[in-house]
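Q: Hi, I'm new to this one. Could you walk me through it?
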Amino acid sequence: MNAGPPLLEVTDLTVDSQATRLVRGVGFTVGRGERVGIIGESGSGKSLTALAALGLLDDGLRAGGSVRLAGEELDLVSASDRALSAIRGKRVGMVFQEPMSALNPVYRLGTQITEGIRLHGTRPTRRAGHEAAAELLERLKLPDPHRAARAYPHQLSGGQRQRGVLAIALANDPDLLICDEPTTALDVTVQKEITDLIVGDSEQRGTAVLFISHDLALVSSVCHRVLVMYGGRIVESGPVHRVLSAPRHPYTRALLATSDLTPGTRPRAIPGIVPAPGDLQAGCGFSNRCALADDKCAELPPLLGGAEGAVACWHHEVPGALPGVRQPSAPQAQASWERPADGEPVLSARGLTRRYPGRRVRRLGRRPTVSVLDSIDLDLYAGQRVGVVGESGAGKSTLLRLLAGLDRPSGGRVLGPGRPGGPGRGAGGLQMVFQDPMGSLDPRQRVRDIVAEPLPHRGSPAARERVLELLAAVGLPEEAAGRYPHQFSGGQRQRIAIARALAPEPAVLLADEPVSALDVSVRAQVLDLLRTATAERDTALCVISHDLGVIRYLCDTVLVLRDGKAVETGPVESVWRAPKHPYTEQLLAAVPQLVIPDGEGSEARRAP
Amino acid sequence: MKSRMSLTIGGALVLLLLVTALLSLVWTPHDASHIDASRQLAPPDAGHPLGTDQFGRDVLSRLMEGARITVFAGVVAVGIALLAGVPMGVVSGMSGGWLDNVVMRVSDFLLAFPALLLAILLAAVYGTGTLTAMVAIGIASAPGFARVSRAATLRVMAGEYIDAARLAGRSRTAIAVRHVVPNILDVVIVQASVSFATAVLAEAALSYLGLGTVPPTPSWGRMLQESQDLLFSTPELCLWPGLATAAAVLGLNLLGDGLRDRVDPTLEGVR
């Protein structure tokens with residue numbers, strides 16, 4: 001695997017924007033047929049590293065250092081765009097995060113696949129081109145490849161589109177495939193199919209893979225070797241099994257600890273926030289969030305090491321778990337939540353149905369209806385935490401909007417806060433935390449006004465007092481009240497959103513994918529905040545998420561949705577351990593698990 | 001930095017326009033309408049820094065008084081368009097459904113109706129004059145404001161903070177005032193500065209056609225029209241009102257750009 005000269009050799013790569021250095025000297029190699037993962041959070045420079053290697057940086061960004069591809073004379077960093085074009089698509093393929101924007105909406109998929117072949121040498125006839133495209137799609141296990149090759153991107157599902165993008169990347173049998181978060185926009189089951197295809201193709205044809213992701217578990221199931229990036233530098237590298245079983249850098253250790261959402265452990269979040277590239281201090285970039293930091297960390301630690309990997313930390317020899325990072329605690333009572341014998345549900349839905357008018361089959365025919373949600377029953381009791389899981393299109397968001405009263409059901413009804421017969425929207429009412437912490441805060445309002453919005457007497461001194469109290473409760477300083485949302489990081493913004501939702505002391509809190517837009521290192525902070533805040537006041541919580549780990553960590557009851565129907569419901573732990581419905585089983589099997597094998601060559605496995 | 005420049009230059013030009021207009025109320029070098037047959041087309045001298053026109057009237061004085069008409073025209077036209085168009089757009093964008101359709105079709109109708117025709121119609125009913133002309137321009141510009149604010153409102157309404165505001169128990173009016181309007185302000189300001197400039201030009205055009213400002217009241221448009229025949233013999237006569245119009249329009253556009261960036265808190269760090 002590592003014999004001979006490396007396929008890709010990156011030396012001292014830097015990327016600069018006008019004012020700041022975003023990638024600060026990165027060096028690594030990728031051998032032929034080797035799969036290397038780059039792990040990092042937003043702002044770590046992982047995507048820029050890959051883009052710089054292909055000369056695909058945006059205008060205004062400059063790359064330095066050198067990137068060499070075996071068998072090519074030129075240095076890819078200083079090469080002209082024209083020279084790079086000969087390499088891109090031919091020797092190096094690229095898969096992007098968003099399959100919709102990576103495909104041109106006005107061309108058929110087959111045309112886009114053959115375009116790559118056409119550009120690099122052979123000029124197949126129209127028919128041969130179509131055949132070649134269909135063949136590629138078949139190799140990527142797309143059902144009915146001929147039809148898919150004739151389809152336009154919007155006629156395909158997300159997974160099919162990503163296979164199309166993969167087909168374009170693989171069209172010329174490249175030596176290296178660069179994947180930038182290739183499955184982040186996809187459902188877990190589709191994610192597994194795509195990564196299986198990438199791994200399968202790499203094994204069969206000896207394609208090397210550079211796999212960029214924020215998901216440790218995913219990287220562990222795909223790659224041989226992993227590079228951990230933080231603040232524009234590689235802080236640790238080595239074989240996957242070594243890095244994940246015996247991480248050395250405090251950041252890697254903390255990241256592993258905080259990623260583990262197994263109930264019963266309490267993953268302590270990494271303190272602080274992921275710094276913006278311009279805010280990095282001199283010396284070790286992680287030192288201000290690190291439990292081991294001391295005076296020595298003001299000096300930049302070099303990346304040192306041998307075959308078993310390298311680490312850039314002065315204190316990497318401190319053994320064991322880091323102080324304050326992971327605190328095992330007794331299994332929580334939440335796992336065995338039981339319906340109060342006497343209690344009335346605070347929110348109750350019966351036969352909830354939502355239909356939308358579909359497309360007419362005949363021009364003057366009746367409009368058929370499409371059911372997005374079909375006869376859902378749901379009871380939410382005080383103190384209960386219900387998780388709703390399902391893939392995109394399962395009706396999760398629709399259910400939540402109906403429960404919130406933001407949308408009207410086509411059938412069935414919701415009894416509870418904000419409804420006829422239920423308490424109003426103030427105290428004891430219903431509030432919601434949204435997915436996108438930027439979009440859910442009015443950019444023109446100060447945090448003070450945002451948080452006070454659901455309060456009955458917004459302008460009063462009492463309300464002002466309450467806002468400060470809430471900000472403190474979600475761990476934000478008092479000065480935050482006077483600032484605007486854009487001055488905060490994603491995790492902080494989500495705290496502001498949570499503070500607003502908690503302001504009127506609601507009886508029911510709904511949360512729509514509350515952590516999916518957040519970095520791993522702050523995810524646990526927000527989940528813990530949601531949990532403690534709702535536990536304090538016995539607030540009922542209903543969370544939707546595509547991430548089963550999040551649901552398992554946060555909730556006591558789970559509802560599995562598929563195509564608008566509830567297929568399984570029950571206590572989280574029992575559904576997790578013994579799913580009754582085959583779909584639930586399939587969902588659970590698709591969740592990538594952190595593989596921390598004892599030795600080499602272990603297969604990905606699912607935690608019990 | 002760039003937006004600060006445009007704010008400063010735009011502000012200075014607009015301020016100059018306003019000061020000139022105000023000053024002309026109390027003082028001009030000469031009576032702007034006084035005809036002096038002995039001094040026709042006199043070149044600039046100490047008494048008449050910009051010379052005189054073909055009737056012997058002082059050009060500088062007329063230019064100063066013309067600024068009054070320009071400001072008046074812009075304020076009336078943009079004011080009407082703003083007050084009619086923005087609420088139309090916001091209501092339309094927020095309500096959707098049949099109301100949206102009705103409001104937008106009305107605005108399409110107005111958009112299809114030539115502004116000039118409207119001005120002639122109004123002039124026929126209410127008599128010619130700057131005010132009538134500007135009311136016509138204002139009505140004709142309203143659909144533009146409606147369209148722009150509706151599109152911006154739709155963008156804002158798709159935001160989750162609108163859902164959050166609804167869950168907070170905010171009324172529709174409160175959502176419109178507190179969330180929608182502040183967030184569409186940027187496009188409205190740009191539209192206003194462009195419309196102001198258009199109104200200034202329209203006043204000139206309508207006056208030229210005899211549908212706007214009535215002689216002998218000086219307006220930059222009239223001055224342009226009157227100097228047109230003398231373009232080859234005394235070109236400087238049309239140079240002054242032309243330059244003044246250009247400076248006013250440029251100033252308004254720059255001010256609009258600068259203000260747009262000013263009201264955007266996300267650009268605070270950039271500034």
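A: Happy to. One term to begin with: two residues are in contact if their C-beta atoms, placed from the backbone, lie within 7 Å. In chain B, among contacts between residues at least 6 apart in sequence, 71% join residues at least 24 apart.

Q: What kind of model is it, and how do I read the labels?
A: This is a predicted model, where local features need pLDDT of at least 70, side-chain atom pairs count only at pLDDT 80 or more, and totals for chains, interfaces and linings use all residues. Residues are numbered from 1 along each chain as its sequence is written, while chains are lettered from A and ligands numbered from 1 in the order in which they are written.

Q: What ipTM and pTM does the predictor give the complex?
A: The ipTM is 0.75 and the pTM is 0.77.

Q: And what pLDDT does chain B average?
A: Chain B averages 84, and 96% of its residues score at least 70. That pLDDT is the predictor's confidence in each residue, from 0 to 100.

Q: How many helices and strands are in chain B?
A: There are 9 helices and 0 strands. Both are DSSP runs numbered from the N terminus: helices are H or I with at least four residues, strands are E with at least two. The C-alpha atoms of chain B fill a box of roughly 75 × 50 × 30 Å along the principal axes.

Q: Let's zoom in on Gly144(B). Where does it lie?
A: Gly144(B) lies in helix H5 of chain B.

Q: Buried, partly exposed or exposed?
A: Gly144(B) is partly exposed, because 19 other C-beta atoms lie within 10 Å. A residue is buried with 20 or more other C-beta atoms within 10 Å of its own, exposed with 12 or fewer, and partly exposed in between, with C-beta atoms placed from the backbone. Of the 271 residues in chain B, 45% are buried.

Q: Which residues is Gly144(B) in contact with, leaving aside neighbours within four places in sequence?
A: Those are Gly85(B), Gln191(B) and Ser195(B).

Q: Switching topic: how many residues are in contact between chain A and chain B?
A: 20 residues of chain A are in contact with 15 residues of chain B. On the chain A side, strand S18 (residues 430-433) gives the largest share, 3 residues. By class, that side has 9 nonpolar, 5 polar and 6 charged residues. Here Ala, Val, Leu, Ile, Met, Phe, Trp, Tyr, Cys and Pro count as nonpolar, Asp, Glu, Lys and Arg as charged, and the others, Gly among them, as polar.

Q: What sheet order is S18 of chain A part of?
A: The order is S18-S19-S20-S16-S21-S22, an open sheet of 6 strands in chain A with mixed pairing. Two strands pair if DSSP finds at least two bridges between them. S18 and strand S22 (565-571) of chain A stand at the edges with a single partner strand each, so one side of each has no neighbour in the sheet.

Q: How many bridges join S16 to S20 in chain A?
A: 5 bridges join strand S16 (residues 385-389) to strand S20 (residues 540-545), and the two run parallel. Arg385(A), for instance, has Leu541(A) as its bridge partner in S20(A).
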